[in-house]
Amino acid sequence: MKVSDNDKDMQPLVRVENLMKSYANRKITGQCEEVRAVDGVSFTIFPGATLAVVGESGSGKSTLALCLACLEKPTSGNIQFEGADISKLAEKERRTIRRKIQLIFQDPASSFNPRWSVLEIVAEPLALQGSLSRDEIRLRALALLEQVGLSPEMERRLPAELSGGQRQRLAIARALALEPSVLILDEALSALDCSTQAQIANLLVDLQSARDMTYLFISHDLAMAAHLADEIAVMNHGRIVEQGPPDKILKQPQTEITRELLAAVPRMTFARPEAQ
Amino acid sequence: MRYLLRRFGHAVFLLVGVSLLAFTFTTLAPGNYFDEMRLNPQIAPETIAALRTQYELDRPLPIRYAHWVSSVLHGDMGFSFAYNSPVLPLLWVRARNTLLLTITAMLLAWGIALPLGIWSAEHLGRLPDRLLSLGTAALMVIPDLALALGFLVIAVKSGRFPTGGMVSLHFESLAFPGKLGDLFLHMALPITALVLSVLPLLLRHVRAALAEVLDAPFLLAAEGHGISRRTLLYRYALPAAANPLISLFGFSIGTLLSGSLLVEVVMSWPGLGPFLLEAILARDLYVVIGGVLLSTLFLIGGNFLADLLLYWADPRIRTEASV
């Protein structure tokens, strides 16, 4: 679902204002050096929309994701989610917020407890809700697996026995189990090969229209970001240096960093030998 | 099942190998228990020769080994020359004393190492964790012998603790609580020495295993599901980090009989340690072999238990094993 201009009066689902997160980096000499991973970032995401955050590694994208998912406390600034500030909540309240904002990680191999079966992995968040019986949990988990395109026959497999794409599908199923309103995809496609990337991207698009999901898509791949997102924010050194609709970013890049990211996008023409 | 059978096969193989080696080496060592009798002019050479024949010391090694194995299979571990009695009951009394000491020490050491190691891993790199690392490093540098001697010095200087033995001379005259207190007083220092000698190793392993798992994204994912920190540490991280710890636990059980020899000798605890040392010096053949065999049994049993636990705890091993 793309957000058109006449939706402007809609309430944003996420509003981030001047978010800052710094870490103290202690040197051997005992001096403390402040490292600002995220340095004054502001943006809004509307319900059902996708915002892509694109940047090189080390530009602060993942820290941003952790802050948004309530897994890190921001140093300053605020994060409004469904109209309420969630950046300064106590740990217990943060736990309930976390369920509504789910993360998908880059490395699908290590995002699962290696001892749990596929069914156990998807059932875990369902069991956390505490109100479901064992049979209900199983049925729901199997339904989730089917929704992300995994065969229910895989329920007893271990994560190590799945392919990269299957693992990422499993990660998505697990995240959906808590029925979150926001899904943060932190380089979720980067570890996959091209055709698998396309399949998972299509799955994400399908899920978005079926469940009215809101995505924060974090990547270094500008082309994929442009394909999935309604809006792209380019990050560099903890700041958003450029922001706009995909067309504009691709066709009229304003900053050097965006041009570099664009140059890194593989194009079919590169593969063809130049005419002599 | 095949995994367990294979493990069991290994254990039997190991047991045969160790007993054979123990038998061969103790026999290869020069002299035997009756050699010293020859220096005594009052014992006739014929008597010694008769004794040697009676105990089959003049028979070739393979035949003696075969006899010994068949008697072990019937529950008889041989005969002690020095005590003039079967080996097994002798060993058992000493082993019981040793186990009283080592099992208590092992439970204490694990009981301290688990929570402390987890806590340390959670606060990795902070000041308390660094101090703890420094402390364990320091403890590891101190040789066990120095540690045991140190505690002996404490016992002597303070006068509050007995300097050896398991119970006081008037033990039998004490009432039950008094007996317990007396035993505890005698155990306190050897146990402290034992705990201090194994704790650094355990602590470091627990800390390292946990620290590795705590970084894993699946814990972050679980935290993202709104699970509390405590549940995360003990129900998610600890089981995931358990494999090396289970192996280490098996090793702990394996060293229950042999790990405390030094402390026992220094602090004169009436366990296997001083007993075996004496037997070795006297060339009391079957006692030595029996002692070696008993501690091998513990080592094998400990490892086998660890394998069972691993099999039970980790589905990956189960699937690997069924392939």
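## The largest pocket

Helix 8 of chain B gives the largest share of the lining of the largest pocket, 4 residues. Helices here are DSSP runs of H or I with at least four residues, numbered from the N terminus. A pocket is an open set of points on a 1 Å grid over the protein atoms alone, with protein on both sides within 12 Å along at least five of seven lines, and its lining residues have an atom within 4 Å of a point. This is a predicted model, where local features need pLDDT of at least 70 and side-chain atom pairs count only at pLDDT 80 or more, while totals for chains, interfaces and linings use all residues. As for bookkeeping, residues are numbered from 1 along each chain as its sequence is written, chains are lettered from A and ligands numbered from 1 in the order in which they are written, and side-chain values use heavy atoms, with hydrogens and water left out.

The space in this largest pocket comes to about 740 Å³, a volume being the space filled by probe spheres set on grid points that are joined across faces, edges and corners. There are 23 lining residues, with B:A121, B:E122, B:L214, B:D215 and B:R229 nearest the centre. Sorted by class, the lining of the largest pocket has 11 nonpolar, 2 polar and 10 charged residues; Ala, Val, Leu, Ile, Met, Phe, Trp, Tyr, Cys and Pro count as nonpolar, Asp, Glu, Lys and Arg as charged, and the others, Gly among them, as polar.

## The second largest pocket

Next comes a pocket of about 520 Å³. It has 18 lining residues, and A:R115, B:W312, B:A313, B:P315 and B:R318 are the closest to its centre. Helix 9, helix 10 (242–254), helix 13 (285–313) and helix 14 (315–322) of chain B each give two or more residues to this lining, which divides into 10 nonpolar, 3 polar and 5 charged.

B:W312 sits in helix 13 of chain B. Is this tryptophan buried or exposed? B:W312 counts as exposed, at 66% relative accessibility (buried is under 20% relative accessible area, exposed over 50%, partly exposed in between, with a 1.4 Å probe and protein chains only).

The largest cavity is about 60 Å³. Its lining draws on both chains, including A:W116, A:R174, B:H225 and B:Y236. Helix 8 of chain B turns up again, giving the most to this lining with 3 residues.

The second largest cavity holds about 50 Å³. Among the residues lining it are B:F161, B:T163, B:L189, B:P190 and B:M267, and the lining divides into 6 nonpolar, 4 polar and no charged.

## A kinked helix

B:P190 also matters for locating a kink: helix 7 of chain B bends by about 35° at B:A188, shortly before that proline (the bend is the angle between axes fitted to the seven residues ending at a residue and the seven starting there).

## Cysteines

Across all chains there are 0 disulfides, a disulfide being a pair of cysteine sulfur atoms within 2.5 Å. For A:C67, the nearest cysteine sulfur is that of A:C70, 9.3 Å away. A:C67 is buried at 2% relative accessibility, whereas A:C194 is exposed at 66%.

Terms used:
1 Å grid on protein atoms, 1.4 Å probe; cavity = no way out; pocket = protein on both sides within 12 Å on 5 of 7 lines; lining within 4 Å.
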